[in-house]
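Biologist: Could you take me through this structure slowly, and tell me how each term is decided?

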Amino acid sequence: SVDLEKLKMTGAGRAMAVLTSGGDAQMNAAVRAVTRMGIYVGAKVYLIHEGYQGLVDGGDNIKLAHWHSVTNIIQLGGTVIGSARCKAFTTREGRLAAAFNLVKRGITNLCVCGGDGSLTGANIFRSEWSGLLQELVEKRIAETMAKQFSHLNIVGLVGSIDNDFCGTDMTIGADSALHRIMEIVDAIMTTAQHQRTFVLEVMGRHCYLALVSALAAGAEWLFIPEVPPQEGWEDRMCARLEQSRTGSRLNIVIVAEGAIDRNGKPISSTYIKDLVVKRLGYDTRVTVLGHVQRGGTPSAFDRILSSKLGVEAVVALMEAAPDTPACVIGLSGNHAVRLPLMECVEMTKLVQQSMNEKRFDEAVKLRGSFENNWNIYKLLAFQKPAETDYSLAIVNVGAPAPGMNAAVRSAVRLAIAHGHKVYAFNNGFQGLADGEQVCEMKWHTVAGWTGQGGSILGTKSLPSKCLDKIVSTLNKYRITALLVIGGFEQGYHGVLELFEARRHFEELCIPMCIIPATISNNVPGTDFSVGADTAVNAAMEGCDKIKQSASGTKRRVFVVETMGGFCGYLATSTGLAVGADAVYIYEDPFTIHDLKTNVEHLAEKMKKDIQRGLVLNEYCHEHYTTDFIHKLYSAEGKGIFDCRVNVLGHLQQGGAPSPFDRNFGTKMGVKAVQWLSQKMTENYRQRVFANSPNTACVLGLNRKVVAFTPVAELKEITDFHRVPKDQWWFHMRPLLKMLAKYQTSFSEYVPGSLKHVTQRSLSVDTGF
């Protein structure tokens with residue numbers, strides 16, 4: 001944990017600066033987090049406007065920041081402090097001017113948010129610092145000043161929509177770019193009444209955006225520079241497009257802007273269009289997305305990622321010693337890590353070198369999770385199935401969660417590719433019991449399901465009420481494996497009931513797997529559930545609009561009720577994404593005294609520069625309900641602010657799935673079917689018989705590891721208030737309170753560990 005008092009002692013009297021450089025990634029949440037955390041630990045914080053150009057020019061480009069300098073910027077796209085290309089900084093004279101501008105303000109800690117070029121420039125600046133100061137002593141500054149500011153600490157944050165920086169799972173801006181792409185894809189999908197083929201050209205210097213958007217969109221064909229197509233690809237692509245026309249009126253081909261063939265010759269979107277028109281005669285259109293991918297509102301993931309990494313950047317700067325190498329703050333398994341800057345840069349350059357030398361397999365292995373994504377995309381390509389005697393039943397249970405349909409689609413297609421029969425039962429366990437609303441799924445049945453919200457199969461009750469009928473249906477259709485997609489109450493609890501009923505019903509001795517799908521994100525055995533990311537984005541967008549509605553009015557506080565029940569993940573994540581002043585949840589007990597303190601704290605902020613306040617709440621307390629909190633804030637804030645209440649309700653369950661949930665659902669469907677196929681084969685004698693605890697499991701993602709945990713084991717670590725006893729996301733609570741200017745303990749905050757980035761580490765850590 002972090003010793004906050006020690007951090008404040010270190011920060012007191014120090015000066016630090018933050019600048020944004022490079023492309024147009026969504027950097028405002030990072031600027032806000034760095035600024036506020038720096039002020040929180042007692043440092044002077046400067047905002048450098050116009051990137052390195054502002055650092056070289058100095059003057060009004062370098063401004064002292066206050067707490068309110070970064071108020072109300074978290075929802076804005078781009079960077080409010082600007083970014084500019086700077087030729088001067090590439091010269092010694094330019095860096096000398098930059099050093100002078102920092103030294104005269106006493107700044108020896110610099111946080112740079114940008115791409116690999118911007119971060120490499122920062123490291124060169126740091127390595128030359130002593131020499132630059134020596135030159136300045138001879139020309140412009142006193143020797144005592146040079147001694148006082150003798151070393152420069154550098155910490156980087158990677159802001160890039162390309163997500164091509166080695167060592168980190170995600171870069172700031174990549175998820176928002178995927179949101180823009182999926183918005184275009186969804187709009188194109190509505191034109192499906194015309195039988196068309198669309199060729200979409202996406203940005204991203206390399207493949208990340210193209211590959212992940214192809215997975216999320218269910219694209220029929222994909223062109224990426226890391227995996228150039230084999231000779232004769234034109235024939236194979238046209239054959240695939242013809243096959244996929246069965247049951248679908250729309251074909252999508254996604255092209256990365258740097259796509260090439262095996263000889264290094266560019267493959268353009270226009271060439272692909274002309275080929276499809278000539279060979280197949282299809283009405284084919286090209287859409288080049290361009291800079292629309294860089295703009296718009298930042299996604300919830302990017303806002304939360306930026307906040308986490310920005311806070312960790314300040315902690316790293318405060319802990320840095322003169323001999324500490326420059327580092328980058330990255331993401332590994334949903335936790336912030338510190339990565340040696342030049343190790344990351346060298347590995348990133350190695351990818352490009354491998355590409356230039358046409359060592360494509362090596363480039364793939366150096367790209368982190370790329371190989372896993374690519375393998376899953378290939379698995380879901382149309383294949384001629386083998387023949388087996390196995391039959392898989394799929395049911396969706398509980399409340400609909402965005403991304404469920406993506407999971408069903410990938411599970412159906414991979415099971416068919418394995419040669420299994422697949423039966424989908426409508427209306428959950430009740431439909432499985434009735435055995436009437438059943439459909440034998442074909443490859444084309446699930447065409448276009450990836451981007452559809454809700455649950456096409458429908459959901460319903462627990463199995464305990466209809467066990468005899470469920471067993472009868474399993475017999476009737478000769479079901480040898482069961483895939484359940486749902487949340488805590490119906491999914492986890494339901495399969496636990498089926499597992500415990502095995503002693504009475506031999507027919508239930510088949511492999512069973514649960515894919516967690518609930519907006520509450522409360523299923524034990526996994527860090528994430530399908531649907532939770534979409535719900536956070538929906539709640540965030542609602543809160544953004546609620547805040548905007550008060551612009552131009554007198555000071556106002558909104559009390560917003562989210563969903564989530566006893567699990568505070570949705571409220572906490574939304575609160576961090578929208579800059580809430582307080583978030584009340586069941587897992588973090590509070591008293592009337594705490595409520596009174598919160599009201600007084602918000603009232604003090606409102607007396608100064610703050611115009612709007614936001615308080616989030618879900619099922620946090622038996623007595624302190626949303627209505628109670630609203631009345632308390634109204635009464636105590638009288639004369640300072642007025643108060644309004646908003647219940648977001650079921651809008652958090654609706655809408656198209658986010659890119660994250662489409663991909664997560666797709667990958668979970670694939671992993672589930674691979675596991676079920678293995679278990680059916682392992683437990684086959686004359687028929688499938690699986691009765692051990694490890695044949696009824698929750699499929700979970702824990703950090704970056706996919707795990708199948710027996711439901712019987714999870715029973716021991718579950719609070720049946722419908723929450724796991726250990727909540728990984730709880731470490732975000734101190735960040736939330738600090739960014740709202742509360743004096744809070746950082747004892748629960750876990751600082752990022754140092755993680756080296758080598759060829760071996762990248763090939764072993766393939767990610768998910």
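**Terms and values**

Modeller: This is a predicted model, in which local features need pLDDT of at least 70 and side-chain atom pairs count only at pLDDT 80 or more, while totals for chains, interfaces and linings use all residues. Residues are numbered from 1 along each chain as its sequence is written, and side-chain values use heavy atoms, with hydrogens and water left out.

Biologist: What makes Cys439 partly exposed?

Modeller: The relative accessible area of Cys439 is 31%, and therefore Cys439 belongs to the partly exposed class.

Biologist: How many disulfides does a search of the whole structure find?

Modeller: A disulfide is a covalent bond between the sulfur atoms of two cysteines. Here the criterion is a pair of cysteine sulfur atoms within 2.5 Å, and the search of the whole structure finds zero.

Biologist: Why is Glu312 called buried?

Modeller: Glu312 has a relative accessible area of 0%, so Glu312 is buried.

Biologist: Which residues is Glu312 in contact with, leaving aside its neighbours within four places in sequence?

Modeller: Contact means heavy atoms within 4.5 Å, and, with those neighbours left aside, Glu312 is in contact with Ile329, Ala336, Arg338, Tyr749, Pro751 and Gly752. A polar atom of the Glu312 side chain lies 3.0 Å from the backbone nitrogen of Gly752.

Methods:
Buried means under 20% relative accessible area, exposed over 50%, partly exposed in between (1.4 Å probe, protein chains only). A polar contact is a pair of N or O atoms within 3.5 Å; within protein, one must be able to donate a hydrogen and the other to accept it, and residues adjacent in sequence count only if both atoms are side-chain atoms.
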